[in-house]
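User: I would like to learn how to read the features of a structural model, one feature at a time. Please give the general idea before each case.

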Amino acid sequence: MPKNRKKVRGNSRFYIYWVVLLGVVFYGGYHLTTLFRETSLFRIKEIHIKGNRLVDKDILYNIAEPFKGVNFFSLNVEDLALRFQAMSRIKSIKTMRIFPSRLIITVRERNGVFYVKDNSGEFHPIDNERFILDKADWYLEEDLPLININIPRENIIVGQKLEDPRIEYIFYVYDIMTHTNPDILPDISEFYFIRNDLYFVDMQSGSRVVLSTEDLSQQINRFVFLRNNQGFDRNSTIDLRFGSQIVVR
């Protein structure tokens with residue numbers, strides 16, 4: 001019995017030491033963190049931005065400027081990200097802190113895939129997630145095909161997703177083209193509908209092409225083969241809605 005009581009007392013002493021040690025660690029860690037947050041050594045003095053392709057870098061630096069002087073350990077990364085993502089062209093950011101005082105921000109842009117035309121005749125870029133992007137002078141190098149379906153102007157809101165079944169179908173066709181014969185993509189200048197049939201304009205042949213809803217991969221390959229080997233008269237209409245036959249008008 002005495003041996004058992006001594007063992008219990010030994011364990012109790014061990015737990016007390018352990019609790020005291022944990023208290024010292026937490027207490028020291030708290031004060032050390034407080035010290036780091038208050039010292040000027042870890043305040044952000046340099047901000048470097050990279051990853052942008054179209055967005056003007058001066059605008060990005062203006063967004064980041066208020067974070068200069070903020071302590072590394074007090075930096076609210078979520079707030080920083082939200083400020084950047086308020087621009088429709090910025091999809092996300094990544095931050096890297098280089099001690100003692102440098103912050104590197106890598107931006108990931110939203111890139112335009114199409115222009116869509118509203119019913120007033122104005123063009124608006126959209127990305128592959130159907131988000132409407134802003135446009136400015138520094139985006140002039142975007143050479144995008146046009147979706148010519150006259151979207152109501154009130155449905156065009158920068159930063160919001162554009163919901164339209166016709167656009168979804170065009171993205172579906174474009175994805176098939178991408179995987180089937182991507183060489184055709186730079187030659188397409190426009191998509192549009194006549195009634196329920198989808199047309200696209202091929203700049204290389206100068207023709208309009210109407211697609212069937214079936215066997216799209218075969219239709220596209222057939223058209224590209226004949227265009228490259230036989231050619232078509234400019235301003236002709238290439239009708240691919242008749243199975244293995246191609247009707248040229």
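This is a predicted model: local features need pLDDT of at least 70, side-chain atom pairs count only at pLDDT 80 or more; totals for chains, interfaces and linings use all residues.

The dialogue below takes the features in turn.

User: How many helices and strands does the protein have?

Analyst: Helices (H or I, at least four residues) and strands (E, at least two) are DSSP runs, numbered from the N terminus. Here the protein has five helices and eleven strands.

User: What percentage of the residues count as buried?

Analyst: A residue is buried under 20% relative accessible area, exposed over 50% and partly exposed in between, using a 1.4 Å probe and protein chains only. By that rule, 37% of the 249 residues count as buried.

User: How is an aromatic pair read, and how many are there?

Analyst: A pair of aromatic rings is described by the distance of the centres and the angle of the planes. Rings of Phe, Tyr and Trp (its six-membered ring) pair if their centres lie within 6.5 Å; planes under 30 degrees apart count as stacked, over 60 as edge-to-face and the rest as tilted. The whole structure holds ten aromatic pairs. In one of them, Phe72 and Phe99, the ring centres are 5.0 Å apart and the planes stand at 65 degrees, so the pair is edge-to-face. This pair links distant parts of the chain, 27 residues apart: Phe72 is in the loop between helix H2 (57-64) and helix H3 (77-85), and Phe99 is in the loop between E2 and E3. Phe72 is buried, at 1% relative accessible area. Another edge-to-face pair consists of Phe114 and Tyr174, with 4.9 Å from centre to centre and 65 degrees between the planes. Because Phe114 belongs to strand E4 and Tyr174 to helix H4 (residues 165-180), this pair ties together parts 60 residues apart in sequence. Phe114 is buried at 0% relative accessible area, and Tyr174 is buried at 18%.

User: Which residues form the aromatic cluster?

Analyst: Phe114, Phe171, Tyr174, Phe191, Phe200, Phe223 and Phe232 form one aromatic cluster.

User: How is a pocket found, and which residues line the largest one?

Analyst: Rolling a probe the size of a water molecule over the atoms shows where empty space is left. On a 1 Å grid over the protein atoms alone, a cavity is a set of points where a 1.4 Å probe fits but cannot get out, whereas a pocket is an open set with protein on both sides within 12 Å along at least five of seven lines; lining residues have an atom within 4 Å of a point. Grid points are joined across faces, edges and corners, and a volume is the space filled by probe spheres set on the points. The largest pocket has a volume of about 180 Å³. Its lining consists of Gly112, Val113, Asp143, Leu144, Pro145, Tyr174, Leu185, Pro186, Ile188, Ser189 and Met203.

User: What is the make-up of that lining by class?

Analyst: Ala, Val, Leu, Ile, Met, Phe, Trp, Tyr, Cys and Pro count as nonpolar, Asp, Glu, Lys and Arg as charged, and the others, Gly among them, as polar. The lining of the largest pocket has eight nonpolar, two polar and one charged residues.

User: Is Arg110 buried or exposed, and which side chain makes a polar contact with that of Arg110?

Analyst: A polar contact is a pair of N or O atoms within 3.5 Å; within protein, one must be able to donate a hydrogen and the other to accept it, and residues adjacent in sequence count only if both atoms are side-chain atoms. Arg110 sits in the loop between strand E3 (102-109) and strand E4 (114-118) and is buried, with a relative accessible area of 14%. Its side chain is joined to that of Asp127 by a polar contact of 2.7 Å.

User: Where is Ser212, and what lies 3.2 Å from a polar atom of its side chain?

Analyst: Ser212 is in the loop between E9 and H5 and is buried, at 15% relative accessible area. The backbone nitrogen of Glu214 lies 3.2 Å from a polar atom of the Ser212 side chain.

User: Which peptide bond is cis?

Analyst: The bond from Phe99 to Pro100 is cis, with omega near 15 degrees. Pro100 is found in the loop between strand E2 (90-98) and E3.

Technical notes. Residues are numbered from 1 along each chain as its sequence is written. Side-chain values use heavy atoms; hydrogens and water are left out.
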